Amino acid sequence: MAVEIIMPKLGMSMEEGTVVEWLKKKGDPVKKGESIVVISSDKIEKDIEAPQDGVLLEIIVQQDETAEVGKVIGYIGQEGEVLKEADRESVAIGMKEEIEAISETMLRVSPAARKLAHEAGIDLRRVSGSGPKGRITRADVEKAIQTRQASSQLESEEQRFTQINKEAINTSESINLKKKMSGQISEMAIEQKDVTVKPITGMRKVIATRMFASLHQTAQLTIHMKADITKLMEVNENIKNELRDESTIKFTITDFIARAVILSLRTHKQMNSLYQDGRIYTYDSVHLGIAVAVENGLVVPVIRYAEKLSLKEISQKIKELSTRAREGALSSEEMTGSTFTITSLGAYGVEFFTPVLNPPEIGILGVGTADDVPVFVEDTVQKRKKLPLSLTFDHQVIDGAPASQFLGMIKHYLENPYKLLYS
């Protein structure tokens, strides 16, 4: 009897997944436990294993297509077995009904958001939550309402344009314009024969949605400073020499930056806040997000209660989470709940840039590449190592002066590295 391959739920907030790649073709033999398909959620990719020995009878959801959690994406059976259409339809319908029945009860929704969604007729299962652990906030529902209104307005505009175009179609001006546009379209079609078009799905789709929402829902401002890390580099080199036999202790500049950010957030608590539902939530504990570039996008694993960790423990956490992020082994829970984020483009030679906020956070630090520059020290010119720092903050919540003081404290710690070791 055929066994279905279903789209798994990789995290509490996951509603649909994307088939990244089928590792087997229809009719190929498979063994139980063998990877047969790669699927992705909004944050991670995962290999799905065959539930039994047999052959891949049918592929229902093709590569780059999405499917709801629990939906059948393929079937495994015995060689020569024919899948009955009725069985396929009954499984798909039954699974859809089951998912619809439980999905809304599993959603994390604020009371205000649930009430507004009910009044506006918004299906909460189709709303992406921006709160901690994917919680749907009132702002998320308001955005869904605005999106629906914008879509309706666009449809009205398209209908109006179509009507105007029909009324003007017999005029000589419109005929000439139509010929001109037709010629341009033909030329474009010829030029674009080698263009590959594919839908935006999976992790890329979520990144696109969140970044667009971030820029439209916040008042982002970025300020810049340069920290002199010459002494920090010397201290790190001394640590390497002194602890050469300790293979587990190898600090990177990112480790020191993370420590500086954590200490600065403990003083400037307002920067360690989330802004949602028209309220500011300021946290005593620091849950630090570290942006990690992966093959298909970007993920942000979170170091929880980072203020309780030593420099060595921070370093170990960053290395562990970064490695697991690149392997696609992070759980959804390990990528939610951050209160502040650090992102770096230093490895690519970038100096200053404008990092985009990760809502509902109100701050993100961008780190550039450190360069040697000539600096006047009293009457002499010395070679110093300067590190570019870019702080983006939400001006709805915090003003330029306190944000500058926060960035200045990070700079101070990096320029006085022993304070990072003993604070």
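Predicted model: local features only at pLDDT ≥ 70, side-chain atom pairs only at ≥ 80, totals over all residues.
Figure 1. Apart from neighbours within four places in sequence, the contacts of Ser214 are Gln220, Val356, Leu357 and Pro359.

**Figure 2. The cis peptide bond between Pro359 and Pro360.** Pro359, one of the residues in contact with Ser214, is joined to Pro360 by a cis peptide bond. Omega for this bond is near 5°. Most peptide bonds are trans. Pro360 is located in the loop that runs between β16 and β17, the latter being residues 363-367.

**Figure 3. The largest nonpolar core and the surroundings of Leu414.** This core contains 71 residues, and the members that touch the most others are Leu288, Leu365 and Leu414. Helix α7, residues 253-267, contributes eight residues, the largest share of the core. Setting aside neighbours within four places in sequence, Leu414 contacts Ala227, Asp228, Ile229, Leu232, Phe256, Ile257, Ala260, Leu387, Leu389 and Leu420.

**Figure 4. Aromatic pairs.** The model has two aromatic pairs. In one of them, Phe251 and Phe256 have ring centres 5.7 Å apart and ring planes at 70°; the angle is over 60°, so the pair is edge-to-face. Both Phe251 and Phe256 are buried. The rings of Phe340 and Phe406 also form an edge-to-face pair, because their planes stand at 75°, with the centres 5.6 Å apart. Phe340 is in strand β16 (residues 340-344) and Phe406 is in helix α9 (residues 400-415), so this pair ties together parts that are 66 residues apart in sequence. Phe340 is buried at a relative accessible area of 0%, and Phe406 is buried with a relative accessibility of 0%.

**Figure 5. Tyr305 with Lys308 over its ring.** Lys308 sits over the face of Tyr305, 4.9 Å from the centre of the ring. Tyr305 is in the loop connecting β15 (302-303) to α8 (311-326). Its relative accessible area is 42%, which lies between the 20% and 50% cut-offs, so Tyr305 counts as partly exposed. The backbone of Tyr305 has a positive phi, near 50°, in a residue other than glycine. Most residues other than glycine have a negative phi.

**Figure 6. Asp277 in the loop between β10 and β11.** Asp277 is placed between β10 (273-276) and β11 (279-282). Phi of Asp277 is positive, near 55°, and the residue is not glycine. With a relative accessible area of 18%, under the cut-off of 20%, Asp277 counts as buried.

**Figure 7. The whole chain, as context for the close-ups.** The protein chain has 10 helices and 19 strands. Of its 423 residues, 40% are buried. Among contacts with a separation of 6 or more, 63% join residues 24 or more positions apart. The chain exposes about 24,000 Å², of which carbon and sulfur atoms supply 52%.

Conventions:
Residues numbered from 1 in each chain as written. Heavy atoms only, no water. Core = buried A, V, L, I, M, F, W, Y, C linked by side-chain atoms within 4.5 Å. Buried < 20%, exposed > 50% of the residue type's maximum accessible area, 1.4 Å probe, protein only. Helix = DSSP H or I, 4+ residues; strand = E, 2+ residues; numbered from the N terminus. Contact = heavy atoms within 4.5 Å. Phe/Tyr/Trp six-rings, centres within 6.5 Å; stacked < 30°, edge-to-face > 60°. Lys NZ or Arg CZ within 6 Å of the ring centre and 35° of its normal. Areas by Shrake-Rupley, 256 points an atom, 1.4 Å probe, with all protein chains shown as cover.
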